[in-house]
Number of protein chains: 2
Amino acid sequence: MRIAIVGLGLIGGSLAITLKENGFAKTIIGVDKNSESEDKALRRRIIDEALPLDEAIAKVDFIVVATPVDVMKIVLPQILDKVDKQVVLDVGSTKETLLAELKNHKNRGRYVATHPMAGTEFSGIDAAIPKLFDNKYTVICDAEDSDKDALEKTEALYKSIPMRIARLDAKAHDVHTAYISHISHISSFALALTVLEKEADEDKILELASSGFGSTVRLAKSSPDMWVPIFRQNRDNVLDVLDEHINTLSRFRSLLIKKDFDTFYKLIEEANSIKKILN
Amino acid sequence: MRIAIVGLGLIGGSLAITLKENGFAKTIIGVDKNSESEDKALRRRIIDEALPLDEAIAKVDFIVVATPVDVMKIVLPQILDKVDKQVVLDVGSTKETLLAELKNHKNRGRYVATHPMAGTEFSGIDAAIPKLFDNKYTVICDAEDSDKDALEKTEALYKSIPMRIARLDAKAHDVHTAYISHISHISSFALALTVLEKEADEDKILELASSGFGSTVRLAKSSPDMWVPIFRQNRDNVLDVLDEHINTLSRFRSLLIKKDFDTFYKLIEEANSIKKILN
């Protein structure tokens, strides 16, 4: 297959590495408004060539859009205007507003909305790594609006990695990702700020922090260029989850104030049941 | 050296493994009220023998107390009653109330208050692992209240691992650990509960969660038997930090409500500066 990757960052770059390595892609064409990212991707041999968007579209079987989600809203309609038999994918973390905008596009059928559930706290082509997606899930949204062949080809692409595939409608996808991804980022950003504000003048103290602190604030390193558009597009769902999270923290607070450590113990035991779900 | 480890859990067991492996300990005697933990530690050859507390005290150079912090308050005075030339250490996560209770003990000088800043979300002797402490920090509290030789021997023990050593007074230790350790645990417990309450009937959804979610809720697997006593003893400091953390989350909430994504962007950029501190 010939594949164009539009947006050479962590996700686009890692997909390029993986699909080339496993043989699914014969040729990878990179498209990025930032020529430095294109140059780096070429030098690292992550892509075979860099081309302007229109030239890339004309030469490939797949166009994978891996830009921040605000850019997707602009670039996906432009790409769909120009495709014929090609399959167009996005890999964005929000789906409802994007799919609403593409709903009536004449080439909507050529487009498959996907969300590979994997990432790291780093961004840009420098952060692209092999094996990022291995055995993780990709969610395909509103699959019934995609042409049958486009859907089959997309599933073949993800299965080649190998990834597992789940299907959700766009609305459910956005609700669930608010819970299982977006809130984790807000929690980390807030925890980092809380601690930085207190310990700002005492950087030696932060050297003492153990891996537990590192784990909970790891995502606080994530890029605002990627995340602000996600929070903007999924604002209502994120607000719901954030309200619930603040309420849960306030329960802990109120138990501490009342010195009700028996209930505190029970809440921790309930939280422990996350063990059954996560490894 | 002959070392008694009182409390054969994650920390006590991992210290036993490390100090035997590096040759600092010639003999390790395990003491645990749970005979199953003693048996497991013997079978894994983490300890050389298991003895009742009094017999162990009589046979060793060091007594390391690695029980939950509520048990320390009971057992440390009992141990200090019986020591002569031995050095007594604890490895607990809270120090102010414990040190206040031991302040006037006739053998206070034989005791060194330490806190090796390392751990995992797992507990019990099954969780004991090598290299848990390598190159991390140990905090020694109120060092001036320990005998000079006890302090030197304790530093030699930790340096043999090797660990780096920092000194803080007990009050400062408890304030800073609230920020760099205790709040991370409450944040994880709360996040796990928030998500579990929403997704309880949809365990397939949680399979979709990526490593970012796993990272922020990892500590939610931590044992209430260890953590409730810590929150009880460090309640006031934890409440202060929890208030600040809820305030920070409320700032994010208010920016979402106002759709002020420019300020949201700036807050994420500020949070990103945690990069400079954590690897």
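**View 1. Helix 7 of chain A crosses helix 12 of chain B.** In this predicted model, the axes of helix 7 (residues 170-199) of chain A and helix 12 (residues 261-272) of chain B come within 8 Å and cross at roughly 65°. Axes are lines fitted to C-alpha atoms, for helices over the stretch in contact, with angles from 0 to 180 degrees between N-to-C directions. Helices (H or I, at least four residues) and strands (E, at least two) are DSSP runs, numbered from the N terminus. Chain A contributes A:Phe189, A:Ala192 and A:Leu193; chain B contributes B:Leu267, B:Ile268, B:Glu270 and B:Ala271. Contact requires C-beta atoms, placed from the backbone, within 7 Å. Ala, Val, Leu, Ile, Met, Phe, Trp, Tyr, Cys and Pro count as nonpolar, Asp, Glu, Lys and Arg as charged, and the others, Gly among them, as polar.

**View 2. The two chains meet through 77 residues from chain A and 77 residues from chain B.** Helix 7 of chain A gives the largest share of its chain's side, 19 residues. That side divides into 46 nonpolar, 17 polar and 14 charged residues.

**View 3. A rotation of 180° superposes chain A on chain B.** The shift along the axis is 0.0 Å and the RMSD is 0.0 Å. In chain A, the C-alpha of A:Thr216 is nearest the axis, 2.2 Å from it.

**View 4. A cis peptide bond joins A:Ile161 and A:Pro162.** Omega is about 0°. A:Pro162 lies in the loop between helix 6 (148-159) and strand 8 (164-168) of chain A. In chain B, a cis peptide bond joins B:Ile161 and B:Pro162.

**View 5. A:Asp142 and B:Lys259 each have a positive phi.** A:Asp142 has a phi of about 45° and is buried, with 21 other C-beta atoms within 10 Å. B:Lys259 has a phi near 55° and is exposed, with 11 other C-beta atoms within 10 Å. Buried means 20 or more such atoms, exposed 12 or fewer, and partly exposed in between; C-beta atoms are placed from the backbone.

**Notes.** Residues are numbered from 1 along each chain as its sequence is written, and chains are lettered from A and ligands numbered from 1 in the order in which they are written. In this predicted model, local features need pLDDT of at least 70, side-chain atom pairs count only at pLDDT 80 or more, and totals for chains, interfaces and linings use all residues.

Conventions
Copies are superposed by least squares on the C-alpha atoms of residues with pLDDT of at least 70 in both.
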